[in-house]
Structure formats: structure tokens, C-alpha cells
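Biologist: I have the sequence and the model open. Could we go through it one question at a time?

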Amino acid sequence: MAEMTQSPLLRVENLKTYFPIKAGLLQRTVGWVKAVDDVSFEIRDGETIGLVGESGCGKTTVGRTILRLIDPTAGQVYYRGRNVFDLSGSEMQKLRREMQIIFQDPGGSLNPRMRISRIIGEPLQVHGLVRGNELRSRVEELLERCGMPKSTADRYPHEFSGGQRQRIGIARALALEPKLIICDEPTSALDVSIQSQILNLLKDLQDEFGLSYLFISHDMAVIQHVCERIAVMYRGKIVEESDAEAIYRNPQHAYTKSLLSAVPEPKPRQKKRRVQYTPEGESAVAVERFK
């Protein structure tokens, strides 16, 4: 893994992303959904930080706001010291070569009307990096590095399984040689046996290219396999952040304990203590039970 520098690659400060609630004939704003509410963390070169929480906690919105796919309400995001939200359109286009995303649904993220060669090659053409025969060679090289044969380039997304489509999505994310990749639940739509293959591929690519990952997931078992640090999200806020080892050995927040207690046991007949998290106002009550 790449050696970490002192200054962070990415720094998120007090990020907020609210969505309006509209009602009435005139569709006036009557309230706000606080999808992301004052989130801060850092990612260093070569590091993988896991952002974990249940569905609807705001973790995907964090990833998309960082990339400016969603407009922020407040807060700042700095990439190598530059404020992402202050960049012009042309400056942001250049920055997108540095930051890429792998989407949760490998099928929905690939245009069904485009051949794989065009899907992977389009970013290279848009940024004017390669053309002609060199473009085809680069596409085939990316496919092979992600475990797909060269002939994949001439086919369409519907001809592949979910795991194969995700490999294609990873190849597309690698095309511009980024330094930071946001992995938005990249294995949640895949079979368990395929999940491990994709996770191992991501780790191999990180070692080879010195990548940094923001790994978004609701699965604590997956997060444990790939992350050095973990940030736990609940209702738009980070409630606990620490090294992965410390989180699993001695979680501090009741919600983190609840997530860990929900991880399936390898021996299903073995009794396991479950923790049910129940927020009461601003306090948290952990109710322990046996199954």
C-alpha cells in the first residue's frame, strides 16, 4: 500500500446536504430532509476509509456531494488543499480525472445502448487523452487488468453477469488514472462468492496504483475486510470514527454496537447477543437480547 503523507488527500469539513420538503398547490418549502448534517473526515494517500450505516443514513449522499453530483447546502470539501466547491466548470472537469466513482448497481450505471469499448473509452475521449488505435488498446488493457477478456470490448452490458458488469465499471473508473475512488456499495448487489472477488480486485488495484478509497457500505463484515479506518453514520451524522481494529474490538457508540451485533455468525446455531439501538431524544439506549 502507498505510504501515507502528512497532509490529507481529501478533507471534508462540516458538510451539510439538505433536500426541501414541498407541499401545497404552489409547492412551497415546508421543511428539510437533513440527509447529511455536519459531516467531517479526512482521507490520506493510499488509505481506505469506510463510511458505514443503515440504508437512508446519508452515506451515499456524502459521496455524491463530494464529487459535486449533488449540490451542498453548507460545508467545504478540499482535494489536495483546493476547495472543490469553489472550482469553475473547466477546473472541475480537470479535477474529475483525479476523483472517480464506482456505482452500487453495475447494470444501471452502464448505458445498455453502448458497447463496452465506448463506455470505457468515452472518458478518455472527453479528456482528450488517447485516440484511434491507441484508444482501443487502452480499453483492452483496462479490461484485462480487471479480469475481463479483450473480446468484452465488442459486446453490450446485458451480455454479462452482475459481477462482470461491476468489473467493467471498475475499469471505467480506472480509465483516467484517478487517485481517489468513491466506492458506493460496489458489492451489495452481488452474490457473496462474487463479492470477495471484487473486494480482492479493489485491494490489488489499490496496491498497484496507490489509490485511496472512500468505501460506502451498510455491511460491517465487508467494511472490516477492506478498511483501515471506519466512520459510522446515523441520521446524517458521523456518530463514531476510529481505526477499524478499535471499532471492532471496543465500539463506543450504542449504534455501532447494534451494527456489529447484526453481522451474521459463521455458526448459525451459536447463540449471539444482539443489541437493539433505540434513540430517545438526544440520548441513546442499548437494549441487549439473546436469540
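**Helix by helix, residue by residue**

Biologist: Which residues of helix 1 are buried?

Modeller: Buried means under 20% relative accessible area, exposed over 50%, partly exposed in between (1.4 Å probe, protein chains only). By that cut-off, the buried residues of helix 1 are Lys59, Thr61, Val62, Gly63, Thr65 and Ile66.

Biologist: What kind of model is this?

Modeller: Residues are numbered from 1 along each chain as its sequence is written, and side-chain values use heavy atoms, without hydrogens or water. Local features need pLDDT of at least 70, side-chain atom pairs need 80 or more, and totals for chains, interfaces and linings use all residues, as this is a predicted model.

Biologist: Why is helix 1 largely enclosed by the rest of the structure?

Modeller: Helix 1 covers residues 59-66, which makes eight residues. It is largely enclosed because the number buried is six of the eight.

Biologist: Which residue just after helix 1 takes a positive phi?

Modeller: Look just past the end of helix 1. The phi there is about 60°, and the residue is arginine 68.

Biologist: How many helices and strands are in the chain?

Modeller: Both are DSSP runs numbered from the N terminus: helices are H or I, at least four residues, and strands are E, at least two. The count for the chain is nine helices and 12 strands.

Biologist: What share of the chain is buried?

Modeller: The chain has 291 residues. Buried residues make up 45%.

Biologist: What share of the contacts joins residues at least 24 apart?

Modeller: Contact means heavy atoms within 4.5 Å. Take the contacts between residues at least 6 apart in sequence. Of these, the share joining residues at least 24 apart is 63%.

Biologist: Where do helix 3 and helix 4 cross, and at what angle?

Modeller: Helix 3 is residues 116-126, and helix 4 is residues 132-145. In helix 3, the residues that meet helix 4 are Ile116, Ser117, Ile120, Gly121, Leu124 and Gln125. Their partners in helix 4 are Leu135, Arg136, Arg138, Val139, Leu142 and Leu143. The two axes come within 9 Å and cross at roughly 115°.

Biologist: Which residues join helix 3 to helix 5?

Modeller: Axes are lines fitted to C-alpha atoms, for helices over the stretch in contact, with angles from 0 to 180 degrees between N-to-C directions. For helix 3 and helix 5, the angle is about 25° and the axes are 8 Å apart. Helix 3 gives Ile116, Ile119, Ile120 and Pro123, and helix 5 gives Ile168, Ala171 and Arg172.

Biologist: How far is the C-alpha atom of glutamate 141 from that of alanine 175?

Modeller: Glutamate 141 sits in helix 4. It is partly exposed, because its relative accessible area is 46%. Along the chain, glutamate 141 and alanine 175 are 34 residues apart. Their C-alpha atoms are separated by 9.8 Å.

Biologist: Asparagine 14 has a positive phi although it is not a glycine. What is its relative accessible area?

Modeller: Asparagine 14 belongs to strand 1, residues 10-23. Its phi is about 50°. It counts as partly exposed because its relative accessible area is 42%.

Biologist: Is glutamate 177 buried or exposed?

Modeller: Glutamate 177 lies in the loop between helix 5 (162-174) and strand 7 (180-184). It is not a glycine, yet its phi is positive, about 55°. Its relative accessible area is 57%, so glutamate 177 is exposed.
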